[in-house]
Amino acid sequence: MVDLIGQLEPIKAEIQEGFEEVMTNAAFVNGPKVHEFQADLEKYLDVKNVIPCANGTDALQIAMMGLGLQPGDEVITADFTFAATVEVIALLNLTPVLVDVEEDTFNISPEAIEKAITPKTKAIVPVHLFGHASNMEAIMEIANKHKLYVIEDNAQGIGSSYHYKDGSAQKTGVIGHVAATSFFPSKNLGCYGDGGAIFTNDDKLAHTIRGIVNHGMYERYHHDVVGVNSRLDALQAVVLKAKLPKLDDYNAKRQMAARAYTKVLKHHEDIETPVARTNRPCENKDLGICDTCSCHVFHQYTLKIKNGKRDGLAEYLKSQNIPHGIYYPIPLHLQKAYKDDRYDDKDFKVTNSLAEEVLSLPMHTELDEEQIKFISGHILKYLDEGPTN
Ligand SMILES: *Cc1c(COP(=O)(O)O)cnc(C)c1O
């Protein structure tokens with residue numbers, strides 16, 4: 001699904017040099033390399049505070065702790081996301097409220113959010129799923145109206161932008177009150193192990209969070225709040241610092257691969273190709289993928305395979321050794337850990353059907369035309385000729 005080896009060559013010397021420096025200085029956790037990367041990322045995102053931490057799941061949890069959410073507070077999030085999003089809500093004894101997503105973007109539905117709001121609602125967690133910016137304009141409007149916090153799960157969306165109706169744009173992760181991201185190796189900006197970060201423009205919240213990641217310490221051995229141990233390793237910061245200047249290029253390569261897949265697959269009756277919805281007029285509209293902006297950075301390239309053919313196609317791809325993924329096969333409201341009597345399955349029409357239709361294809365920065373033709377060719381062959389061939 002991903003090729004992390006091809007990406008290494010152009011940055012190998014810089015990374016080796018950085019590793020040497022860390023080994024020589026023996027500042028393995030936090031330290032100068034982490035601070036340098038933090039400053040670079042603040043500049044890239046145009047955000048006042050980046051707080052590095054150990055992984056994306058921690059980043060989400062710490063963001064919620066920083067906001068002072070209390071047991072029993074309701075937090076609305078998407079039914080169709082990686083479990084980490086809802087896991088941390090439950091871990092903090094907050095009440096997760098899962099809602100349906102939009103049919104075309106797979107992102108949380110503003111209408112569904114609005115319907116789920118109660119007097120106990122305190123926060124909304126939009127996930128920029130598969131690298132596609134959620135409808136932040138509508139979400140912020142709802143949040144402002146009901147005085148709710150917005151915590152962006154930007155683990156799959158780093159480098160993407162949300163384009164407002166007035167023509168302006170902002171990077172995902174700096175629009176809500178606070179955001180969390182992951183530097184897991186397969187993410188769009190990945191390190192060589194685990195890593196994560198929290199972003200916020202709120203200096204006071206940033207101060208609170210800087211203490212929480214370090215055992216609730218604001219002054220050495222004074223523990224003012226209950227914190228956690230969540231830090232970024234200097235070796236990971238070296239990798240991230242080398243990769244960050246290339247992030248826009250990496251994402252452009254993903255978009256190019258997405259357009260190449262879509263060109264071949266778009267017209268088949270059993271296939272719906274992904275749509276990048278933007279408020280910006282864009283070129284290549286016929287492909288449903290913007291050419292000139294980054295509203296979708298394709299962490300995943302995900303098709304809908306209609307007419308009950310998804311599982312057969314997945315079997316066929318497996319038999320041909322073509323990597324593919326089903327993200328996500330079970331909506332969260334049906335998972336044992338997150339079942340809740342308050343949910344009515346009828347309210348999850350979209351996530352229920354997505355779980356049966358989605359199929360993600362290999363997506364990374366090193367895909368070439370030939371690989372894309374090969375993969376798409378096999379998909380069309382199966383759909384046209386059926387399982388017997
Ligand atoms: C990867 C991911 C996370 C968790 O990140 P880790 O670094 O693996 O803990 C959270 N949310 C989403 C949507 C993700 O894709």
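Tutor: Buried means under 20% relative accessible area, exposed means over 50%, and partly exposed is in between (1.4 Å probe, protein chains only). This is a predicted model: local features need pLDDT of at least 70 and side-chain atom pairs 80 or more, while totals for chains, interfaces and linings use all residues. Residues are numbered from 1 along each chain as its sequence is written, and side-chain values use heavy atoms, without hydrogens or water.

Student: Why does Ala26 count as partly exposed?

Tutor: Because its relative accessible area is 45%. Ala26 also has a positive phi, near 55°, and is not a glycine.

Student: Where is Ala26 found?

Tutor: In the loop between α1 (12–25) and α2 (32–45). Helices (H or I, at least four residues) and strands (E, at least two) are DSSP runs, numbered from the N terminus.

Student: What about Phe106, buried or exposed?

Tutor: Phe106 is buried, because its relative accessible area is 6%. Its phi is positive too, about 70°. Phe106 lies in the loop between β3 (95–99) and α5 (110–116).

Student: Which cluster of rings includes Phe106?

Tutor: Ring pairs join Phe106 with Phe80, Phe82, Phe130, Tyr327 and Tyr328. Rings of Phe, Tyr and Trp (its six-membered ring) pair if their centres lie within 6.5 Å; planes under 30 degrees apart are stacked, over 60 edge-to-face, the rest tilted. From Tyr327 to Tyr328 the peptide bond is cis, with omega near 5°.

Student: How many aromatic pairs does the structure hold?

Tutor: It holds 13. One is Tyr162 with Tyr164: the centres are 5.1 Å apart and the planes at 85°, so the pair is edge-to-face. Tyr162 is buried at 6% relative accessible area, and Tyr164 is buried at 16%.

Student: New topic, the ligand. Which residues come nearest?

Tutor: Of the 13 residues around the ligand, Gly56, Thr57, Asp153, Ser182 and Lys187 do. A residue is near if one of its heavy atoms lies within 4 Å.

Student: How much of the ligand does the protein cover?

Tutor: It covers 91% of the 380 Å² of accessible area that the ligand has on its own (Shrake-Rupley method, 1.4 Å probe).
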